[in-house]
Amino acid sequence: MTTRTIAVENALIGPDYRPSGPVALTLEAGRIAAVAPLAAPPPGRRLLAMPALADAHNHGRPISTTPFAASGKPLEAWLPRLAAMPPIEARLGGLGFFGHAALGGVGSVMIHQTRTSGLVPLADEVRELEQAAGTIGIQAAYAVSVRDRNPLVYGDGEPVLADMPGPSRATIEALFRAPAVDPAAHVAMVEAIAAAVERPGFSVQFGPNGVQWCSDALLGAIAEASARTGRRVHMHLLETKYQRAWADRTFPDGIVRHLGRLGLLSPRLTLAHGVWARPEELAELAAAGVTVSVNTSSNLLLKSGIAPVAAMRAAGVAVALGLDNSAFDEDDDALRDLRLFKHLQAGWGYDETVTPQDALGFAAGNGRRSLGLDGAGTLAPGEPADLLLLDLDRLDPDRILPIDPVQLVFTRATKAAIAALIVAGRTVVEDGRLAGTDMAAIDAEVRSRYRAGMADRAAFLAAWPDLEPRLARFYRDTLGCC
């Protein structure tokens, strides 16, 4: 049994993340065995220990979408534009994705892989991702993505295609077809994948893409299977104002109420975004024990809005935080995104809506629970040994007055301050480098594969100038809202 002791100048311990002063953290068998006070700061490097962060909503891309000319677009144009990305091997992509997540301070992550490579059967692709996660050393949940309607827009795509030039229309129709999905067969496939790949630190969830993309029959089958087996469900809800408009027209008595009728509302459900959810809907989600993953930078970069976290908290919703493959600087820096979330949601003046301790609880504890992991996301005996060590000299090079380390985290912390990421007692990152993995070589290979694959995207790139303005016209004229 491996035991190690880490002495630090300070740590954010317990459920209120209070500074401890000098302590020694004893790690044993992947857990925190003891947190013991020290009489004085240890010699050597000045370190602050805090829980590792959990990314509660992501899609597993190893590279940002900007190189594929997808930036500056609302979600409803950005999603179709992702067809410009050619597929690459799942293991390579997984190493790139998990590696950057770890370097950004993430110890556990949700992969809702809405665009699989299709190069191998899905079960083999998930196995490759599970192996990549193990190689990097972080924990993950994989939500098996599924959709069976509205492949191009929310509703009938014919108005978008009607006056499109023939070659462009043929290309878009070929790329954006609603796949036929047998609900029972899908549920069986998810269970088969789970049986093949699940292990401690890697689990499988149901992953319906969203209500606008999934039929009632499919959602109902997933709800029944989740209730029967206890398997968690992860899906999108009310990310944009156009989804809000579609939901109001499709479900006049409420989209959340509709989810309840289908049997989906339960503590097993995590919903990504909820930007356009209303107070009465949030109350229904809270009553059912649903978690909402807020994805701050993604919602800003895709022009979706700012999630109503004050209303979520007032209703009693469990809030988690996700990067959604769109950290603010496209650098997978979970610490910077944690700070951005807190500053946008904290309230104004003396009216504090979200405290730093609240934000830490969302990013560590609630995120872990949404992934189906044990532990409260705290540094305490018996908790999983998942922690970040931050360099206090980077956070406070001035050293003029004693500063609360929580305030240092929320004013200055970025991934550049990470001295180490430890997951299940294993050192995964140390001073900006992955243990045993050459991230520069992985990044170079990822870029090379994408560049080589762009020749196969020529027809789509040629059709895009015909598609994009028609998408804008559809959403402005057909689903203009709010």
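Student: How do you know which residues of the lining of the second largest cavity are nonpolar, polar or charged?

Tutor: In this predicted model, the lining consists of Pro 51, Ala 52, Arg 368, Gly 377, Thr 378, Leu 379, Glu 383, Pro 384 and Asp 386. Ala, Leu and Pro count as nonpolar, Asp, Glu and Arg as charged, and the others, Gly among them, as polar. The lining therefore divides into four nonpolar, two polar and three charged residues.

Student: What makes this space a cavity, and what is its volume?

Tutor: A cavity is a set of points where a 1.4 Å probe fits but cannot get out. The second largest cavity holds about 50 Å³ of space, and the search of the whole structure finds four cavities of 30 Å³ or more.

Student: What is the volume of the largest cavity, and which residues are closest to its centre?

Tutor: The volume of the largest cavity is about 120 Å³. Leu 321, Gly 322, Leu 323, Ala 334 and Asp 337 are the closest to its centre, out of 15 lining residues. By class, 10 of the lining residues are nonpolar, three polar and two charged.

Student: Why is the set of 134 residues called a nonpolar core?

Tutor: The name applies because its members are buried residues of the listed nonpolar types, joined through side-chain atoms within 4.5 Å. Phe 98, Ile 138 and Leu 390 touch the most other members of this largest core. Helix α2 (residues 90-103) contributes the largest share, eight residues. Leaving aside residues up to four places away in sequence, Phe 98 touches Val 109, Ile 111, Leu 129, Ala 132, Ala 133, Ile 136, Ile 138 and Ala 140. Another core, of 17 residues, lies apart from the largest one and includes Val 8, Leu 25, Ala 385 and Leu 387.

Student: What makes both faces of strand β2 covered?

Tutor: Buried means under 20% relative accessible area. In β2 (residues 10-13), Asn 10 and Leu 12 on one side are buried, as are Ala 11 and Ile 13 on the other, so both faces are covered.

Student: How do you know that β2 pairs with β6 and β3?

Tutor: Pairing requires at least two bridges between the strands. β2 and β6 (residues 47-51) have two bridges, in the parallel sense, and Ala 49 is the bridge partner of Ala 11. β2 and β3 (residues 18-19) also have two bridges, in the antiparallel sense, and Arg 18 is the bridge partner of Ile 13. β2 and β3 form a hairpin with four residues between them, and Gly 14 in the turn has a positive phi of about 75°.

Definitions and conventions: Residues are numbered from 1 along each chain as its sequence is written. This is a predicted model: local features need pLDDT of at least 70, side-chain atom pairs count only at pLDDT 80 or more; totals for chains, interfaces and linings use all residues. Side-chain values use heavy atoms; hydrogens and water are left out. On a 1 Å grid over the protein atoms alone, a cavity is a set of points where a 1.4 Å probe fits but cannot get out, and a pocket is an open set with protein on both sides within 12 Å along at least five of seven lines; lining residues have an atom within 4 Å of a point. Grid points are joined across faces, edges and corners, and a volume is the space filled by probe spheres set on the points. Buried means under 20% relative accessible area, exposed over 50%, partly exposed in between (1.4 Å probe, protein chains only). Contact means heavy atoms within 4.5 Å.
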